[in-house]
Amino acid sequence: MDNFTFDLPTNIHLGNGLFNKTADYISNVTDGSKVLLVTDEGMEKIGLADKLLKQLEKNGFEVKLFTKVVPNPKDADCAEGGEAARSFETDCIVALGGGSVIDAAKAIAVLQIHGGMPQDYAGRGNVPGPVKPLVAIPTTAGTGAEVTRSSVITDTKRKIKFTIKDVRIAPAAAIIDPELTYGLPASLTASTGMDALVHAIEAYTCKLSNPVSDGLAIQAMKHIYPNLRQAVEDGANEEARYQMMTGSTIAGMAFSHADVASVHCMAEAIGGLYDTPHGVANSMFLPYIIEFNAEADTYKHAEIARTLGIAGEKESDSAAAAALVKEVKQLAKDIKIPSFSSLMEARIEDFDYLAKSSFENGSTPSNAREISEEDYKNLFYKAFKEKL
Ligand SMILES: [Fe+2]
């Protein structure tokens, strides 16, 4: 009977076509007129950044574009963004893109006001004061970054990822428009969708889960799991796209109030070292961590399998948890996510470093089962040896 607090600082607007009303939502969170639009080259290439820029200018906003964000966003790029935001005297930051763009925009918002490098604010609650309002517009159904209070940035010198966790970086508003994902390639739909599923599973099973985050996590899984294969196979399936976007946002709400756990710790370790896309990295370790964790909380893992129809009501908890392991492996295979063993960069000589980096991740203590550096090393071996 633990105490818990639940607050949601982000106004969530979800629906097809809402992108076209972005200017209205910005007016809800700022009286100012200067908008820094943080996005990436991909958004520029497909013309979405320009479409938004025109919409905002038409509505009286002065817009500065910042496109220097790459997957697994880098510390130096965020510092450059912070400088751009400061010199422009930005009133509101708008992030248009996937999780990398939204995470970079969160760091930029901090650096605009407080200066320095993103590393200066790593950890929990280290942002010293308010920042300008952030409006997040996700273009993938995955990270849930539009509703979370965390930002994962890569330290380029140390080749590790670190996280800024602070309620002050939670977006003031999220505009979640499933139509923005219609053109997403299958591989990106698959990897970001798996990230969302991992958020829901880790939020539900981690030590910091609470009754509200549990409800959100289960609901998120019900949206994501039955629609992921369809969204990958047929990107034009509007219903699957809508369900995936809804599920990923709910999963974001769940894990921002609980935590992620060891799947993310391992994924961030290889993301930092090899620059592996986040969703792919998560997918590589999910079955092994479920297998490892199931003995600590067999019931909850079995409940996931039952809720998703992977196991029947009559199956024992351990059989249901085993069925979950098997199914997440199959799912990754069906949606063509590569295994860790097929990752070109992966080298056994790196496993000591990767295990240490995973163990030192701030979410390791949240894992359902106590996990040591040695355990992580064994899990890297296991994932590396087993061909899915
Ligand atoms: Fe994630």
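1. In this predicted model, three strands make up an open sheet of mixed pairing, ordered 5-8-7, where two strands count as paired if DSSP finds at least two bridges between them, and where strands (E, at least two residues) and helices (H or I, at least four) are DSSP runs numbered from the N terminus. Its edges are strand 5 (123-124) and strand 7 (150-155), each of which pairs on one side only. Strand 7 runs antiparallel to strand 8 (residues 160-165) and is joined to strand 8 by 6 bridges; within this pairing, Ser 151 has Ile 164 of strand 8 as its bridge partner.

2. On numbering and confidence, residues are counted from 1 along each chain as its sequence is written. Because the model is predicted, local features need pLDDT of at least 70 and side-chain atom pairs count only at pLDDT 80 or more, while totals for chains, interfaces and linings use all residues.

3. Two helices lie across strand 7 and strand 8: helix 5 (residues 99-114), running at about 90 degrees to strand 7, and helix 9 (residues 262-274), running at about 125 degrees to strand 8. Axes here are lines fitted to C-alpha atoms, for helices over the stretch in contact, with angles from 0 to 180 degrees between N-to-C directions; residues are in contact if their C-beta atoms, placed from the backbone, lie within 7 Å.

4. A second open sheet holds 6 strands in the order 1-9-6-4-2-3, with parallel pairing. Strand 1 (11-14) and strand 3 (62-66) each have a single partner strand, so one side of each is left without a neighbour in the sheet. Direction ignored, neighbouring strands of this sheet are turned against each other by 20 degrees on average. Strand 6 (residues 134-138) and strand 9 (residues 173-176) run parallel and are joined by 2 bridges, with Ala 173 of strand 9 as the bridge partner of Val 135. Helix 5 packs on this sheet as well, touching strand 2 (34-38), strand 4 (92-97) and strand 6, and its direction makes about 165 degrees with that of strand 4.

5. Helix 5 also packs with helix 4 (residues 75-87), at an angle of about 55 degrees and with the axes 8 Å apart. The two helices are therefore oblique to each other, since angles under 35 degrees count as roughly parallel, over 145 as roughly antiparallel, 65 to 115 as roughly perpendicular and the rest as oblique. Among the residues making the contact are Gly 81 and Gly 82 of helix 4 and Ala 104 and Leu 111 of helix 5.
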